[in-house]
Amino acid sequence: MDENTPQKAKILIVDDSKLIRAAADKILKDDYEVVLANDGEQGWQIIESDEAVRVVFSDLTMPKLDGFALLKRVRQSTAQRVRDLPLIIMTTDADDESRRETALQLGATDFISKPFNSLDMKARAKAH
């Protein structure tokens with residue numbers, strides 16, 4: 001990499017599953033700078049403090065602050081940069097249609113199903 005190479009875009013992964021965080025990091029780390037948070041509260045602190053975050057992938061079911069509450073905070077933020085962040089919800093088969101609909105109404109940008117495959121995740125990251 002020479003000095004003309006742009007910095008990698010930063011992606012935040014918010015999930016209480018260590019396995020999911022590790023898998024997402026492995027998939028994305030070659031193309032992006034990946035930051036990991038193990039719950040919505042930690043994710044929110046990173047979103048607020050790190051202006052380099054370009055895309056957020058978030059689980060719905062987490063301790064402290066769930067994905068719905070995180071989504072609400074992001075979309076209601078006073079900071080334009082935060083409000084405009086693409087927020088992709090990582091869903092499981094257990095997340096029924098109504099939970100997805102709620103996430104969409106709260107401002108989710110996109111969805112990806114867990115377990116995700118690397119091509120789907122890379123495509124979502126690149127698209128947003």
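Guide: **The sheet and its surroundings**

Strand 1 is mostly covered, with 5 of its 5 residues buried. This description rests on a predicted model. Lys10, Leu12 and Val14 point one way from strand 1, while Ile11 and Ile13 point the other way, and all of these are buried.

As a general point, strands of a sheet pair through backbone hydrogen bonds, either parallel or antiparallel.

The pairing can be followed strand by strand. Strand 1 (residues 10-14) and strand 2 run parallel and are joined by 5 bridges. Within this pair, leucine 12 stands opposite valine 35 in strand 2, and valine 14 stands opposite alanine 37 in strand 2. Further along the sheet, strand 3 and strand 4 run parallel, joined by 4 bridges. Phenylalanine 57 has isoleucine 88 in strand 4 as its bridge partner. Strand 4 and strand 5 are likewise parallel, with 4 bridges between them, and the bridge partner of methionine 90 in strand 5 is isoleucine 112.

Strand 4 is also mostly covered, since 5 of its 5 residues are buried. Both of its faces are covered: Leu87, Ile89 and Thr91 are buried on one side, and Ile88 and Met90 are buried on the other.

Leaving aside neighbours within four places in sequence, valine 14 is in contact with Ala37, Asp39, Gly40, Gly43, Val56, Phe57, Ser58, Asp59, Met62, Leu70 and Met90. Valine 14 and glutamine 42 are 28 residues apart in sequence, and their C-alpha atoms are 8.2 Å apart in space.

The helices come next. Helix 1 (residues 18-28) has as its buried residues Ile20, Arg21, Ala24, Ile27 and Leu28. Seen down the axis of helix 1, these buried residues fall within an arc of 130°, so they line one face of the helix. Lys18, Leu19 and Lys26, on the other side of helix 1, are exposed. The buried residues of helix 1 pack against strand 1, strand 2, strand 3, strand 4 and helix 6.

The meeting of helix 1 with helix 6 can be described in detail. Their axes come within 10 Å and cross at roughly 70°. Angles of 65 to 115 degrees count as roughly perpendicular, and helix 1 and helix 6 are therefore roughly perpendicular to each other. From helix 1 the contact involves Ala24, Ile27 and Leu28, and from helix 6 it involves Ser118, Met121, Lys122 and Ala125. By class, the contact of helix 1 with helix 6 has 5 nonpolar, 1 polar and 1 charged residues.

The loop between strand 5 and helix 6 holds proline 115. Lysine 114 and proline 115 are joined by a cis peptide bond, with omega about -5°.

Phi of lysine 64 is near 65°, a positive value in a residue other than glycine. For context, most residues other than glycine have a negative phi, and most peptide bonds are trans.

To return to the sheet, strand 1 and strand 2 are parallel partners, and the buried residues of helix 1 pack against both of these strands.

Key:
Residues are numbered from 1 along each chain as its sequence is written. This is a predicted model: local features need pLDDT of at least 70, side-chain atom pairs count only at pLDDT 80 or more; totals for chains, interfaces and linings use all residues. Side-chain values use heavy atoms; hydrogens and water are left out. Two strands pair if DSSP finds at least two bridges between them. Helices (H or I, at least four residues) and strands (E, at least two) are DSSP runs, numbered from the N terminus. Contact means heavy atoms within 4.5 Å. Buried means under 20% relative accessible area, exposed over 50%, partly exposed in between (1.4 Å probe, protein chains only). The arc is that of the directions from the helix axis to the C-beta atoms. Axes are lines fitted to C-alpha atoms, for helices over the stretch in contact, and angles run from 0 to 180 degrees between N-to-C directions. Angles under 35 degrees count as roughly parallel, over 145 as roughly antiparallel, 65 to 115 as roughly perpendicular and the rest as oblique. Ala, Val, Leu, Ile, Met, Phe, Trp, Tyr, Cys and Pro count as nonpolar, Asp, Glu, Lys and Arg as charged, and the others, Gly among them, as polar.
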